[in-house]
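Please look over the sequence and the structure before reading on.

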Amino acid sequence: MTDSVDPRRSSPAAAASLLWIGRVARPSAALIVPLLVLCIIIALTGAPRLESIMTEALIYVVLVAGLSIFIGNSGIVSFGHVTFALIGAYASAWQTCCGPMRLIFMPELPVWMATAQVPLGLAALLAATLAGFVALILGVALMRLSGTAASIALLSVLFVFKTAYENWDGWTAGQSAIVGLPTYVTLWVALGAAAVAILIATLYRVSSYGLRLRAVREDEAAARASGVNAWTQKLVAFTISGFVAGLGGVLYGHFLGTISVSMFWLDMTFLTLAMLVVGGLRSLTGAVVGALFVAALRECIQVFERGISVGDNLLQAPEGTREIVLAIVLLSILIFRPQGLVGELEVGERR
Amino acid sequence: MSARLTTQSVTVRFHGLTALEDVSISLDQGEILGLLGPNGAGKTTLVNVLSGFTRPSGGTVKVNEIDLTRARPDVLARRGIVRTFQSVRLFQRMTVRENVQVPVFAHHAGSVEGEQAAQRALEFVGLAEESDRIAGSLPYTQERLVGIARALALEPKFLMLDEPAAGMNDVEGAQLVELIARIPAQYGCGVLLIEHNMPVVMAVCERLHVLRGGRTLASGPREEIRRNPDVIESYLGGH
């Protein structure tokens with residue numbers, strides 16, 4: 001026996017926090033490092049088209065990770081999370097859009113906001129925080145619901161906010177697009193944001209909050225009998241996932257350089273949900289894998305939609321093939337592998 | 001200080017149907033009270049009232065002088081009034097340890113003492129070895145034991161066990177009796193035991209409360225109940 005100072009023995013609290021850091025770091029790294037490697041390979045090929053595909057895919061990783069924080073742990077399928085992307089995107093536009101053009105697009109912005117030059121990173125943080133705050137307020141009422149009732153209520157949130165933003169001309173330019181957002185979202189910015197989203201989702205999952213919400217997911221009555229306040233736990237997850245989805249919206253706007261209300265609508269809702277279902281509803285690994293897989297699949301089909309020349313002939317798939325193939329993939333997953341590609345697996349986690 | 005859980009004239013009606021009428025019981029910390037009665041007598045309804053899942057149409061639930069009639073289930077659980085379910089209701093896709101950690105985290109968020117409480121509860125029911133298994137993969141008897149450990153992890157003052165021995169064979173039942181009998185000494189809590197199996201009840205309960213048709217039929221020490229002609233006629237009949 002030696003008397004050397006072993007931190008694990010000298011202080012149980014220090015040992016516990018070391019253990020906890022490991023429980024966060026290992027699974028996050030197991031997701032982030034492969035993404036990093038993929039990005040380096042793509043950057044080395046130097047193909048700008050490939051780089052932009054990957055950037056967009058990483059933005060979807062952020063959106064789907066946000067979705068997964070709530071859906072994965074609560075078991076409630078949310079049809080309303082794109083609302084938070086919408087809120088985030090517009091809130092960032094209010095702070096950073098297009099110099100003097102800002103008042104032309106959004107004439108009713110208060111003067112201090114119309115002239116503010118918020119640093120881009122801070123603007124993104126504030127915009128995502130607003131999305132999280134709106135989630136908190138909505139959640140106070142909505143998180144009393146469970147199961148299908150909650151899903152339908154969340155769908156109605158999507159409708160309400162779309163209508164509101166489309167008619168709130170002075171702040172949102174109504175149904176027309178706002179163009180000229182600074183396009184700072186490069187491959188590396190998107191990778192950084194995806195890493196942050198993965199870290200937040202992992203932190204939540206391994207925390208006692210995540211555990212308690214999963215207990216509610218498994219059996220709400222038994223969770224309540226175990227002292228868990230189901231409403232509080234759902235609300236915590238909903239707020240955090242609103243924040244991350246809001247961040248995804250911010251990135252999307254600054255990736256395309258333009259936003260409109262119709263971008264954050266049913267297409268994006270079902271695409272992100274399809275990504276989560278394909279990967280695995282109850283796993284963060286599933287969220288990341290699903291987002292990348294579906295994004296890659298869509299790109300492949302789009303190549304066919306544009307047409308491939310074989311000899312003298314142009315092989316061309318009709319427009320809309322993308323949606324049909326996506327639907328077929330989704331249905332096949334639901335029929336043959338309803339737990340998703342990765343199921344319950346979390347990479348880097350010891351069970 | 002020793003606490004006492006009481007109901008006073010609890011009545012529960014569902015759409016004109018009376019499930020419980022004027023039922024008064026009391027449970028002291030440290031004792032085991034048996035709750036008997038044929039199917040439909042209102043035993044589970046009474047547990048639902050005590051654990052906050054059903055609000056009574058009349059009457060009160062108190063711990064000492066504190067009225068808890070309208071408290072939510074999670075609040076009651078954190079205050080030490082804890083139940084198990086007849087159908088167990090484990091968190092199926094979580095490990096045994098996680099199942100027992102849920103109440104611990106609900107009580108004192110993630111502290112070292114909390115981890116120890118979870119470990120103690122698993123050791124008490126003899127399932128410390130199985131703590132990494134997925135709850136849904138456990139055999140039936142062990143499932144029931146995890147249910148009990150999950151309740152004990154809250155370190156209850158009052159524990160209500162809703163037919164813990166249901167579906168067990170005689171040997172398993174006997175082991176469970178031995179376990180339940182040790183709960184008051186180990187955890188200092190009062191136990192309300194709902195059970196059909198008469199040998200189990202007679203073995204561990206000093207005091208019994210018998211319900212029939214939602215009303216109290218008899219209440220008192222074990223020997224008295226055993227000789228009570230009403231009880232013998234209506235419930236212990238064929239035995």
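A salt bridge here is a side-chain nitrogen of Lys or Arg within 4 Å of a carboxyl oxygen of Asp or Glu. Arg49(A) and Glu299(A) form such a bridge, with their closest N and O atoms 2.9 Å apart. The model is predicted, and a search of the whole structure finds 19 salt bridges over all chains.

- The bridge between Arg49(A) and Glu299(A) links distant parts of the chain, 250 residues apart.
- Arg49(A) lies in helix H3 (residues 48–74), and Glu299(A) lies in helix H15 (residues 284–306).
- Arg49(A) is partly exposed, with a relative accessible area of 41%, whereas Glu299(A) is buried, with a value of 15%.
- A network of salt bridges links Arg205(A), Glu346(A) and Glu349(A).

**Salt bridges within chain B**

- Glu178(B) pairs with Arg182(B) in a salt bridge, the closest N and O atoms being 3.2 Å apart.
- Both residues sit in helix H6 (residues 170–187) of chain B, four residues apart, which is about one turn of the helix.
- Glu178(B) is partly exposed at 44% relative accessible area, and Arg182(B) is partly exposed at 34%.
- Arg226(B) and Glu223(B) also meet through their side chains in a salt bridge, at 3.5 Å from N to O.
- These two residues, Arg226(B) and Glu223(B), are three residues apart in helix H8 (residues 222–227) of chain B, so about one helical turn separates them.
- Arg226(B) is partly exposed at 40% relative accessible area, and Glu223(B) counts as partly exposed at 37%.

**Where chain A meets chain B**

- In this interface, 20 residues of chain A are in contact with 25 residues of chain B.
- The two chains bury about 2100 Å² between them, and 61% of that is on carbon and sulfur atoms.
- Two salt bridges are counted between chain A and chain B.
- Asp219(A) forms a salt bridge with Arg89(B), with 2.8 Å between the closest N and O atoms.
- Four residue pairs are in polar contact across the interface.
- On the side of chain A that touches chain B, helix H11 (208–218) and helix H12 (220–225) are the elements that give two or more residues.
- H11(A) provides the largest share of that side, seven residues.
- The residues of that side divide into seven nonpolar, four polar and nine charged.

**A buried helix in chain A**

- Helix H4 (residues 82–96) of chain A has 15 residues and reaches 21 Å from its first C-alpha to its last.
- H4(A) is largely enclosed by the rest of the structure, because 15 of its 15 residues are buried.
- Just after H4(A), Cys98(A) takes a positive phi of about 40°.

How values were computed
Residues numbered from 1 in each chain as written. Chains lettered and ligands numbered in written order. Predicted model: local features only at pLDDT ≥ 70, side-chain atom pairs only at ≥ 80, totals over all residues. Heavy atoms only, no water. Contact = heavy atoms within 4.5 Å. Buried area = accessible area lost by both parts, 1.4 Å probe. Polar contact = N/O pair within 3.5 Å; in protein donor to acceptor, adjacent residues only side chain to side chain. Nonpolar A, V, L, I, M, F, W, Y, C, P; charged D, E, K, R; others polar. Expected span 1.5 Å × (residues − 1). Buried < 20%, exposed > 50% of the residue type's maximum accessible area, 1.4 Å probe, protein only.
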